[in-house]
Amino acid sequence: MKQLKVLAFTHQQIDLQDLGKLVICNQSLIGKLDFVRQKFDIPEIFYIGTCNRVEFVFCASQTISLSFIREFISSLDFCIPEDKMEDFISKVKFYEDQDAFNHLLRISCSLESLVVGEKEILSQVRKAYEQCREAGFTGDYLRMIMGQVVKTAKQVYTDTNISKNPISVVSLAYRKLRDLNMCANSRILIIGAGETNKNISKYLQKHKYSNFSVFNRTLSKAEDLAKELQGEAYSLEELKNYKKGFDVIITCTSCTEPIITNSIYQSLLNGETDKKVIVDLAIPNDTDPDVISNNPVTFIEVRSLQEVANQNMQERYQELVHAEVIIEQNINEFKPILRQRRIELAMRDVPIKIKEIRRMAVDSVFADDIGQLDSNSREVLERVINYMEKKYISVPMVMAKEILVNNS
């Protein structure tokens, strides 16, 4: 696993608001990853961006130094002032080899999440991988890694109680919202139609809230969510023109700049002066700080959920220990599988070479001798050659796998 590398910025090392500066929006993700992939000769790579982590998972043969990390981060053209760059670089966690694999397993099993035990992280990691796979940025190596990641995470969620009565960022946000005792007919604006907002919408719908307006950059996705909620759908551009008032804004988009500016917020208020609620689960926040400081607002964000998350960690400590045992077992199980795959790839040309030798022998070297045989003899010879060909292909591969596994 020496080629496996992970560069990670997480809530454990960096303030969530600063973490937002490292988020790559969907519109520029492919271009940025393709640039660093070519610049640093990285065969396979994918990017994970959630509400509490930004990570780059890749395979590379070169040694990863501090100067590599500095150049890698600089090449992605984040909105980081030059005088702050070294501070950001000092907070990156770097993993390689088995440590990188262990880290990837831990985050996918939700051992490193802001709220330990939330299953959403596995879905987020898989979706991140799939997006980069479809773009052609991953290959056989990361395919095998992800296969074992998914297998391990499912085993942890099945064989431990780490996700029993799960508490996620979404459920914590909803609990805070529920504690405000809003009426069921409260006017709720949902900005963004991604997984986070879909999940919190399920809570709202389950508890009989019914007055929804959904805004999204892609109108069709807004329409899909609005249909489920029996609400209205609008494109994100229509937000500045919306005049029907609101009681609650729930927002979570991948935008890197605030969507709810003070001017848009005043327009949405449309003259209303009562205290409103904003649930902002985006990193970076979709809400401009001026909105919070200049208006009567109950503001719920990811950082405000940290205290509950810390309590959650204490309650699940024993399950963490159990999960770590499962992770270690899966790492040990995967090592020989990966070694065998290396042998398969190294020897994939063997069948081609064997067939070339057969063709040369039959069509050239022994062509005259074979031509003198009767049909029955040629048939027997053909069966012998076919048998020998299969054995010459399979036996070396089996022996090579056994030698490698037994001597490692």
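Over how many bridges do β9 and β10 pair, and in which sense, parallel or antiparallel?

1. Strand β9 (residues 276-280) pairs with β10 in the parallel sense, over 5 bridges; two strands pair if DSSP finds at least two bridges between them. Asp280 sits opposite Glu301 in β10. Strands here are DSSP runs (E, at least two residues) and helices are H or I runs of at least four, numbered from the N terminus.

2. A word on provenance: this is a predicted model, where local features need pLDDT of at least 70, side-chain atom pairs count only at pLDDT 80 or more, and totals for chains, interfaces and linings use all residues. Residues are numbered from 1 along each chain as its sequence is written, and side-chain values use heavy atoms, with hydrogens and water left out.

3. Now the whole sheet: 6 strands, open, with parallel pairing, in the order β7-β6-β5-β8-β9-β10. β7 (232-235) and β10 (297-301) are at the edges with a single partner strand each, so one side of each has no neighbour in the sheet.

4. Helix α11 (residues 262-269) packs on that sheet and touches β5 (188-191), β8 (248-251), β9 and β10; contact means heavy atoms within 4.5 Å. The direction of α11 makes about 135° with that of β9 (angles run from 0 to 180 degrees between N-to-C directions; axes are lines fitted to C-alpha atoms, for helices over the stretch in contact).

5. Elsewhere, β2 (residues 44-49) and β3 (residues 53-59) pair in the antiparallel sense over 6 bridges. They make a hairpin with 3 residues between them, and Glu44 faces Cys59 in β3. In β2, 5 of 6 residues are buried (under 20% relative accessible area, 1.4 Å probe, protein chains only).

Note on methods
Buried < 20%, exposed > 50% of the residue type's maximum accessible area, 1.4 Å probe, protein only.
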